[in-house]
Amino acid sequence: MSCGPRRDGGCLAQIKETKGIAQVSNQKTGSITTAEPTIEKETRSEEELDLPWQVVVHNDPVNLMSYVTMVFQRVFGYPRDRAERHMLEVHHKGRSILWSGMREPAELYVQQLHGYLLLATLEKAC
Amino acid sequence: MEIRRRNDQIEISELDPFLAELLRQIPASANPEGAPAAEQRLFSLPTNRKETEICAEWKTYVEPELRRLFQTATQTVAADLEQLNGNEKSLANRTLRIPAKHADAWLSALNQARLVIAAKNSFTENELNDHFRSPIGSRRDLSLFQVNFYGFLQESILRELED
């Protein structure tokens, strides 16, 4: 089992199970028998498979800057300066990644942002 | 026109008949029916079109919820605007009192109206940033004034909530 670093500090449950070839040699008869075939099983946790989703907010010339900042504070609980940084990134670069993580919470964030009439999408990280 | 917080209310006073009429038009202006561009803007897709499963689920489960949410907000605003009804003193300046607990509904309804008007008129970013254009000229100029006036109200309500 190996634990890789992850953004949320968790541990990827990566299990690599190997049953090596058990070769049994019979010295008296000189024959060699293979006891079991090799089975390699590699699994990854549901969380890991589900990780790369991003909540992206896109620029919209109608929504007010102060309103967008307030929405980021309310939805993500960001402090004002961080919310303003994201708002300005949306304004100047056309988009900003507000959050990344598992699909289900990402969908909920997008739903809340649409409730505030912001242009928001759910995207898989490349 | 003056906007201030008084106890648990946001008070918009010295409303002249023209601005009072623009306020009365908020619920109707927020309605995207019959304008596909406006409908598309209020109910935009949650992801790119390749994610067909997510888009289909969204249409089925989330969009109806959003419609209800937006409708509830405009209904709350329409109820508050009843204060401006009546022919009595119709030419006099009026005062509108918005309960502070309705502030979110107002922010939503004003935003809906701004987005719908902007989508219906296909306003450019330059036009939207032209805050000094006179409303007297064409229907388009009046619509632009309406978007800016509603934006000013949104800013004012946000400021009152922060204070």
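This is a predicted model: local features need pLDDT of at least 70, side-chain atom pairs count only at pLDDT 80 or more; totals for chains, interfaces and linings use all residues.
In soluble globular proteins, nonpolar side chains tend to be buried together. The largest nonpolar core in this model has 54 residues, and the ones with the most contacts inside it are A:V71, A:L113 and B:A109. Helix α5 of chain B, which covers residues 103-121, gives the most to this core, with 10 residues. As for B:A109, leaving aside residues up to four places away in sequence, it touches B:I26, B:P27 and B:A30, and also B:A73, B:T74 and B:V77.

Helix α5(B) also packs against α7(B), with the two axes 9 Å apart and an angle of about 155° between them. That angle makes α5(B) roughly antiparallel to α7(B). The crossing of this pair is left-handed. On the α5(B) side, the residues that meet α7(B) include B:W106, B:L107, B:L110, B:I117 and B:N121. Their counterparts in α7(B) include B:V147, B:Y150, B:G151, B:I157 and B:L161. Sorted by class, the contact of α5(B) with α7(B) has 12 nonpolar, six polar and two charged residues.

Next comes the meeting of the two chains, where the contact takes 21 residues from chain B and 15 from chain A. On the chain B side, α4 (52-81), α5, α6 (125-128) and α7 each supply at least two residues. The largest share of that side, six residues, comes from α5(B). By class, the side of chain B that touches chain A has 11 nonpolar, seven polar and three charged residues.

One helix pair that spans the two chains is α2(A) with α7(B), a helix covering residues 139-162 of chain B. Their axes come within 9 Å and cross at roughly 45°, which makes α2(A) oblique to α7(B). This crossing is left-handed. Here A:S66, A:Y67 and A:M70 of α2(A) meet B:Q154, B:E155 and B:L158 of α7(B). The class tally for the contact of α2(A) with α7(B) is three nonpolar, two polar and one charged.

Within chain A, helix α2 (residues 65-76) has a partner too, helix α3 (residues 80-93). The axes of these helices come within 8 Å and cross at roughly 130°, so α2(A) is oblique to α3(A). In this case the crossing is right-handed. From α2(A), the contact draws on A:M65, A:V68, A:T69, A:F72 and A:Q73. From α3(A) come A:R80, A:A83, A:E84, A:H86, A:M87, A:V90 and A:H91. The residues of the contact of α2(A) with α3(A) divide into six nonpolar, four polar and two charged.

Definitions and conventions. Residues are numbered from 1 along each chain as its sequence is written. Chains are lettered from A and ligands numbered from 1 in the order in which they are written. A nonpolar core is a set of buried Ala, Val, Leu, Ile, Met, Phe, Trp, Tyr and Cys residues joined through C-beta atoms within 7 Å. A residue is buried if 20 or more other C-beta atoms lie within 10 Å of its own, exposed if 12 or fewer, and partly exposed in between; C-beta atoms are placed from the backbone. Helices (H or I, at least four residues) and strands (E, at least two) are DSSP runs, numbered from the N terminus. Two residues are in contact if their C-beta atoms, placed from the backbone, lie within 7 Å. Axes are lines fitted to C-alpha atoms, for helices over the stretch in contact, and angles run from 0 to 180 degrees between N-to-C directions. Angles under 35 degrees count as roughly parallel, over 145 as roughly antiparallel, 65 to 115 as roughly perpendicular and the rest as oblique. A crossing is left-handed if the near helix is turned anticlockwise from the far one by less than a right angle, and right-handed if clockwise. Ala, Val, Leu, Ile, Met, Phe, Trp, Tyr, Cys and Pro count as nonpolar, Asp, Glu, Lys and Arg as charged, and the others, Gly among them, as polar.
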